[in-house]
Amino acid sequence: MANKVLLEVITPEKLFYKGEVEMVIVTTLDGEEGFMAKHTWACKLLGDGKLRIKEPGQSEFKIAKIHGGFADIKDTFVIFTDYAKWIEE
């Protein structure tokens, strides 16, 4: 069983996502980076691109489009972004 970590994705308008995840992949200014539970603490600037969320027990990633912001990776993960929208919407 994979480790889980709490992820929050926050935009200026709302809390876009909150839940336990196995992995999150974001588009940083240097390219795509993935983070899992117990990752070394980090703070990454985000570019425009995709946010991929792997929820426990799911085989597919949930995918959202994001614009800028930063990811604060600690004991919990918080992503602050200017805009987020699910791809399927």
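Colleague: What should I keep in mind about the model before reading it?

Modeller: The model is predicted, with local features needing pLDDT of at least 70 and side-chain atom pairs counting only at pLDDT 80 or more, while totals for chains, interfaces and linings use all residues. Residues are numbered from 1 along each chain as its sequence is written, and side-chain values use heavy atoms, with hydrogens and water left out.

Colleague: What is the order of the open sheet with antiparallel pairing?

Modeller: That sheet, also of five strands, has the order β4-β3-β6-β7-β10. The edges, pairing on one side only, are β4 and β10 (83–86), and neighbouring strands are turned by 25 degrees against each other on average, direction ignored. Strands β3 and β4 form a hairpin with two residues between them, and their antiparallel pairing extends over six bridges, with Glu32 in β4 as the bridge partner of Thr27. Three bridges join β3 to β6 (residues 49–54) in the antiparallel sense, and Val24 faces Ile53 of β6 as its opposite residue.

Colleague: Is Ile73 buried or exposed, and what is Ile73 in contact with?

Modeller: As a general idea, side chains in a regular strand alternate between the two faces of the sheet. Burial is judged by relative accessible area (buried under 20%, exposed over 50%, partly exposed in between, with a 1.4 Å probe and protein chains only). Ile73 lies in strand β8 and counts as buried because its relative accessible area is 1%. Contact means heavy atoms within 4.5 Å, and, leaving aside neighbours within four places in sequence, Ile73 is in contact with Phe35, His39, Thr40, Trp41 and Ala42.

Colleague: Where is Glu22, and is Glu22 buried or exposed?

Modeller: Glu22 sits in the loop between β2 and β3, and it is classed as buried because its relative accessible area is 16%. Leaving aside neighbours within four places in sequence, its contacts include Ala2, Phe35, Lys54 and Pro56.

Colleague: Which residues make the nonpolar surface patch?

Modeller: Patches of this kind join nonpolar side chains (Val, Leu, Ile, Met, Phe, Trp, Tyr) within 5 Å, from residues with over 30% relative accessible area and no salt bridge, a salt bridge being a side-chain nitrogen of Lys or Arg within 4 Å of a carboxyl oxygen of Asp or Glu. Accessible areas come from the Shrake-Rupley method. Here Leu29, Leu45, Phe70 and Phe80 make a patch of about 380 Å². Leu29, in the loop between β3 (23–28) and β4 (31–36), counts as exposed because its relative accessibility is 58%. Phe80, in strand β9, is partly exposed because its relative accessible area is 33%.

Technical notes:
Patch = residues over 30% accessible without salt bridge, like charges linked within 9 Å, V, L, I, M, F, W, Y side chains within 5 Å. Areas by Shrake-Rupley, 256 points an atom, 1.4 Å probe, with all protein chains shown as cover. Helix = DSSP H or I, 4+ residues; strand = E, 2+ residues; numbered from the N terminus. Pairing = 2+ DSSP bridges. Axes fitted to C-alpha atoms, helices over the stretch in contact; angles between N-to-C directions.
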